[in-house]
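Please read the points below with the structure open beside you. They take up a few residues and a few helix pairs in turn.

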Amino acid sequence: LLIPTSAYSNDNLGKSRLFIEALGEEVLTKIADKNITAKQREKNFRELYTRAFDNNYICQFVLGRYWKKINKSTQEEFVKSFNDYLIMIYAPKFKGWSGKFKTINSQVENNMYVVAMQLVTDSNSPTTLNLDWRMIIRNKKFKILDVNIDGVSMLVTQRAEFSSVIKNHPLGVKGLIKRMKDKVKS
């Protein structure tokens with residue numbers, strides 16, 4: 001009973017750090033490169049997001065209690081709109097970014113791997129962000145569930161924002177989907 005299970009072994013803790021470091025390098029080479037087109041950046045970001053993040057978990061979490069209240073068709077529409085929205089919002093933010101990704105620690109917390117990282121920008125006045133990547137293993141691959149930036153959960157923040165839109169829009173979840181689609185088109 002004192003022997004760690006393979007799911008939470010020291011080997012997997014080390015692999016979780018390597019996974020996040022490789023992801024950081026991929027961001028630098030495939031997304032931050034200022035010589036690629038905006039369309040290529042979006043394509044690369046979408047591929048990275050789809051491969052590295054647990055999209056089903058994230059979509060269900062950010063919709064919270066509303067997920068079970070909508071039909072399958074609306075769920076699918078939400079997932080597509082949410083993914084397009086994420087790509088449109090985040091991919092351009094990396095253009096020309098340079099910096100260093102340095103993992104500091106990894107541990108198991110609440111059945112998740114948590115990799116602590118510092119992100120340091122290369123600029124005249126360097127900025128350091130502290131990130132905690134929260135992930136699990138699904139089908140023998142790491143999948144990111146959430147990223148905490150300086151202690152703030154991106155999932156919790158997104159859920160609060162979406163919940164507010166749903167509550168204040170006469171169309172509820174459909175209104176949120178419309179807003180995301182409108183934002184992507186603009």
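**Notes on selected residues and helix packing**

1. Thr103 counts as buried, because its relative accessibility is 6% and the cut-off for buried is under 20%. The model is a predicted one. Thr103 is part of strand S1. Its side chain makes a polar contact of 2.4 Å with the side chain of Glu21.

2. What surrounds Thr103, apart from residues within four places in sequence? The residues in contact with Thr103 are Arg17, Ile20, Glu21, Val115, Ala116 and Met117.

3. Ser106 has a relative accessible area of 12% and is buried. From the side chain of Ser106 to the backbone oxygen of Leu13 the distance is 3.1 Å. Once residues up to four places away in sequence are set aside, Ser106 touches Leu13, Ser16, Arg17, Val114 and Val115.

4. Is Asn110 buried or exposed? At a relative accessibility of 65%, Asn110 counts as exposed, because the cut-off for exposed is over 50%. The phi angle of Asn110 is near 50 degrees, which is a positive value in a residue that is not glycine.

5. Asn111 is in the loop between S1 and S2 as well. Its phi is near 65 degrees, again positive in a residue other than glycine. With 56% relative accessibility, Asn111 counts as exposed.

6. Tyr85 is located in helix H4, which runs over residues 72–90. Its relative accessibility is 13%, so Tyr85 counts as buried. The side chains of Tyr85 and Glu161 are joined by a polar contact of 3.5 Å. Beyond its neighbours within four places in sequence, Tyr85 is in contact with Gln158, Glu161, Phe162, Met180, Lys183 and Val184. Tyr85 and Asp182 are 97 residues apart in sequence, while their C-alpha atoms are 9.4 Å apart in space.

7. Helix H5 (residues 154–168) packs with helix H6 (residues 173–185) at an angle of about 115 degrees, and the two axes are 7 Å apart. The crossing of this pair is right-handed. On the H5 side the contact involves Phe162, Val165 and Ile166; on the H6 side it involves Val173, Leu176, Arg179 and Met180. Sorted by class, these are six nonpolar residues, one charged residue and no polar ones.

8. H5 also packs with helix H3 (residues 55–63), here at an angle of about 50 degrees and with the axes 7 Å apart. H3 and H5 are therefore oblique to each other. Which residues of H3 and H5 meet? From H3 there are Tyr57, Ile58, Phe61, Val62 and Leu63, and from H5 there are Leu155, Val156, Gln158, Arg159, Phe162 and Ile166. By class, the contact of H3 with H5 has nine nonpolar residues, one polar and one charged.

9. Phe162 is in contact with Tyr85, meets residues of H6 and meets residues of H3.

Note on methods. Residues numbered from 1 in each chain as written. Predicted model: local features only at pLDDT ≥ 70, side-chain atom pairs only at ≥ 80, totals over all residues. Heavy atoms only, no water. Axes fitted to C-alpha atoms, helices over the stretch in contact; angles between N-to-C directions. Helix = DSSP H or I, 4+ residues; strand = E, 2+ residues; numbered from the N terminus. Left-handed = near helix turned anticlockwise from the far one by under 90°. Contact = heavy atoms within 4.5 Å. Nonpolar A, V, L, I, M, F, W, Y, C, P; charged D, E, K, R; others polar. Buried < 20%, exposed > 50% of the residue type's maximum accessible area, 1.4 Å probe, protein only. Polar contact = N/O pair within 3.5 Å; in protein donor to acceptor, adjacent residues only side chain to side chain. Parallel < 35°, antiparallel > 145°, perpendicular 65-115°, else oblique.
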